[in-house]
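Please open the model in a viewer and keep the sequence panel at hand.

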Amino acid sequence: MTIVDSHCHLDDARFAEDLDAVLERAAAAGVSRILTIGTGDGPPEIDRAVRLAERYEHVYASVGVHPQDASKFTPRTLDDLRALVGHEKVIAFGEIGLDYHYDSSSGAAPRETQREVFVEQLMLAREAGLPITIHTRDAWDDTMAMLREHWSGVAVMHCFTGDPAQAREALDLGYYLSYGGVLTFKTAEQVRESARITPSDRLLVETDAPYLAPIPYRGKRNEPAMMVETARRLAEVRETTVEEIASITTANFERLCFNARLPR
């Protein structure tokens with residue numbers, strides 16, 4: 001079995017001491033390709049994922065500014081992103097979107113700033129011809145409204161934790177739903193129902209490592225090798241085999257406009 005981790009954060013400091021070992025465990029578990037997300041700690045340093053992708057043949061990168069870092073976005077950031085999207089290992093734009101979980105008094109970017117930066121990045125992703133990976137937390141309605149207004153391309157709803165109605169709303173727009181460790185949590189029945197109704201050709205899996213480790217690793221540092229547990233639970237939910245989940249999600253990943261930049 002081979003499978004793709006469609007969203008993780010290999011540049012996180014928690015991987016600094018043992019990244020090679022993490023990637024070895026991933027390979028042993030059948031993880032053949034990894035998309036590491038390029039938001040890092042926000043501007044001005046937004047190329048860490050690209051530099052990692054340069055070091056490892058099976059690792060690819062996205063670029064973008066996370067909504068929590070929107071206050072750090074400057075005209076220079078836009079120039080830097082425009083330079084990075086042409087890199088041969090960059091195959092997606094993100095994670096971008098809206099995050100209303102924290103308010104500005106706790107240091108989060110103001111909502112209006114987040115919306116402005118979201119639109120700027122949607123325009124650049126369209127210019128670059130890249131699919132986008134969306135982060136939305138406590139901001140579903142605004143996120144979907146902005147996507148309807150400003151985006152007509154391919155999108156992935158990263159770490160999807162919505163209910164079936166939200167799943168159908170995203171699916172109706174042609175988007176992909178990516179499921180992570182939350183799918184395995186005891187309280188995640190709504191998420192499992194969303195996963196059950198997601199068409200096979202819109203399904204992805206991810207770790208979001210080092211965050212959100214699946215059962216039985218919950219509370220520990222997540223890593224790509226652990227995605228197999230999410231794939232197993234997803235197979236149970238959809239009444240199929242883990243090998244079929246791996247095959248379907250890998251094919252979907254390659255079709256998501258990543259194909260043109262993947263070696264054959």
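Helices (H or I, at least four residues) and strands (E, at least two) are DSSP runs, numbered from the N terminus. Ser-194, for instance, lies in helix H7. The model is a predicted one, in which local features need pLDDT of at least 70 and side-chain atom pairs count only at pLDDT 80 or more, while totals for chains, interfaces and linings use all residues. Residues are numbered from 1 along each chain as its sequence is written, and side-chain values use heavy atoms, with hydrogens and water left out.

**The sheet**

Select the strands E1 to E8. They form an open sheet of 8 strands in the order E1-E2-E3-E4-E5-E6-E7-E8, with parallel pairing; two strands pair if DSSP finds at least two bridges between them. At the edges are strand E1 (3-8) and E8, each of which pairs on one side only. From one strand to the next, the twist averages 30 degrees. Axes here are lines fitted to C-alpha atoms, for helices over the stretch in contact, and angles run from 0 to 180 degrees between N-to-C directions.

Then display helix H2 (residues 48-55), which lies across E2, strand E3 (59-63) and strand E4 (90-99) and runs at about 165 degrees to E3.

**Ile-34 in strand E2**

Next, centre on Ile-34, found in strand E2 (residues 31-36). Is Ile-34 buried or exposed? Ile-34 is buried, because its relative accessible area is 0% and buried means under 20% (1.4 Å probe, protein chains only). Not counting residues up to four places away in sequence, Ile-34 touches Asp-5, Cys-8, Leu-10, Leu-23, Ala-26, His-58, Val-59, Tyr-60 and Pro-224. Ile-34 and Pro-224 are 190 residues apart in sequence, yet 7.9 Å apart in space, C-alpha to C-alpha.

Move to strand E7 (residues 176-179). In a regular strand the side chains alternate between the two faces of the sheet. Tyr-176 and Ser-178 point one way from E7, Leu-177 and Tyr-179 the other way, and all are buried.

On one pairing, strand E6 (residues 155-157) runs parallel to E7 and is joined to E7 by 2 bridges, with Val-156 opposite Tyr-176. The chain crosses from E6 through H6 to E7 in a right-handed β-α-β crossover: with the strands pointing away from the viewer, the path from the first strand over the helix to the second runs clockwise.

E7 also pairs with strand E8 (residues 203-205), in the parallel sense over 3 bridges, and Tyr-179 stands opposite Val-205 in E8. Here the chain crosses from E7 through H7 to E8, and this β-α-β crossover is right-handed.

**Helices H6 and H7**

Finally, select helix H6 (residues 164-172) and helix H7 (residues 189-197). Their axes come within 8 Å and cross at roughly 35 degrees. The contact is made by Pro-164, Ala-167 and Arg-168 of H6 with Gln-190, Glu-193, Ser-194 and Ile-197 of H7. Return to Ser-194, which is buried, with a relative accessible area of 0%. Among the residues that Ser-194 touches are Phe-160, Pro-164, Ala-167 and Tyr-179.

Definitions and conventions. Contact = heavy atoms within 4.5 Å. Buried < 20%, exposed > 50% of the residue type's maximum accessible area, 1.4 Å probe, protein only.
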